[in-house]
Amino acid sequence: MEQFFLAVFEIFTGLGVIGIALGLMIEIIPSEIVLGYGGYLISKGEVGFISAAVAGVFGGTLAQLFLYWAGSYGGRPFLEKYGKYIFIQPKHLDLSEKWFQNYGPIVIFTARFIPVVRHAISIPAGIAKMRFLPFLLYTVAAVIPWTILFLYIGFELGENWREIKEVAEPLIVPISILIILGAITYFVFDRKRE
């Protein structure tokens, strides 16, 4: 399986910004690695930062739209049957549905920064028939900083871009905590306002 991933990754790496968008769209390879490599390409001067960021946001958003539509039109039974082909297991569906039911649409933004949940949260949004425009706006609002962060880390690492997961992990945990605390604050004030 690892050989397959490497072969796919090699195809993407030869395509520049198109490869970044495709890599994020298909989501076979973790987004951190795709974006880290994108940052490396920027450091070599092979692609521009703006074009890599646009490709990253486009690919990352489109990947989530596919999952949203799968949830909206296929529902949970479809995803339980075919989700394994895109690395989504029933436990991911359970967790993301619980998050979505408990916390509502704001979780679309928040969950993008939480491992495991971030990839599957679009599915319950589709199943719940969340309005498309808010879904799209929350998704793009979360994909932009994620894309910029990992492109920047990849850029700074340069030739050592493969170490991106180890370097990024100490950053992601506090960012996730801050975003969760921000979401909790939002819920508390929103409930008080109501």
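**Close-up views of helix packing in a predicted model**

**View 1. Helices α3 and α9 are oblique to each other**. In this predicted model, the two helices pack at an angle of about 55°, and they are therefore classed as oblique. Their axes lie 6 Å apart, and the crossing of α3 and α9 is right-handed. On the α3 side, the contact is made by Ser31, Glu32, Leu35, Gly36, Gly38, Gly39, Tyr40, Ile42 and Ser43. The partners from α9 are Trp146, Thr147, Phe150, Leu151, Gly154 and Phe155. Sorted by class, the residues of this contact comprise seven nonpolar, seven polar and one charged.

**View 2. Helix α9 and its buried residues**. Helix α9 spans residues 132–157, a total of 26 residues. From its first C-alpha to its last, α9 reaches 37 Å, close to the 38 Å expected at 1.5 Å a residue. The buried residues of α9 are Pro134, Phe135, Thr139, Ala142, Val143, Trp146, Thr147, Phe150, Leu151, Ile153, Gly154 and Leu157. An α-helix has 3.6 residues a turn, so residues three or four places apart point the same way. Just after α9, glycine 158 takes a positive phi of about 55°.

**View 3. Helices α2 and α3 are roughly antiparallel to each other**. Helix α2 covers residues 17–26 and helix α3 covers residues 31–44. The angle between them is about 175°; because angles over 145 degrees count as roughly antiparallel, the pair falls in that class. The axes of α2 and α3 are 9 Å apart. Ile20, Gly23 and Leu24 of α2 meet Ser31, Val34, Leu35 and Gly38 of α3. This contact has four nonpolar, three polar and no charged residues. Ser31, Leu35 and Gly38 of α3 also take part in the contact with α9.

**View 4. Serine 72 and tyrosine 73 in helix α4**. Serine 72 is found in helix α4, which runs over residues 49–82, and tyrosine 73 lies in that helix as well. Is serine 72 buried or exposed? With a relative accessible area of 13%, serine 72 is buried, whereas tyrosine 73, at 70% relative accessibility, counts as exposed. Leaving aside neighbours within four places in sequence, serine 72 is in contact with Gly126, Ile127 and Lys129. Tyrosine 73 and glycine 126 are 53 residues apart in sequence, yet their C-alpha atoms are 7.7 Å apart in space.

Technical notes:
Residues are numbered from 1 along each chain as its sequence is written. This is a predicted model: local features need pLDDT of at least 70, side-chain atom pairs count only at pLDDT 80 or more; totals for chains, interfaces and linings use all residues. Side-chain values use heavy atoms; hydrogens and water are left out. Axes are lines fitted to C-alpha atoms, for helices over the stretch in contact, and angles run from 0 to 180 degrees between N-to-C directions. Helices (H or I, at least four residues) and strands (E, at least two) are DSSP runs, numbered from the N terminus. Angles under 35 degrees count as roughly parallel, over 145 as roughly antiparallel, 65 to 115 as roughly perpendicular and the rest as oblique. Contact means heavy atoms within 4.5 Å. Ala, Val, Leu, Ile, Met, Phe, Trp, Tyr, Cys and Pro count as nonpolar, Asp, Glu, Lys and Arg as charged, and the others, Gly among them, as polar. The expected span of a helix is 1.5 Å times one less than its number of residues. Buried means under 20% relative accessible area, exposed over 50%, partly exposed in between (1.4 Å probe, protein chains only). A crossing is left-handed if the near helix is turned anticlockwise from the far one by less than a right angle, and right-handed if clockwise.
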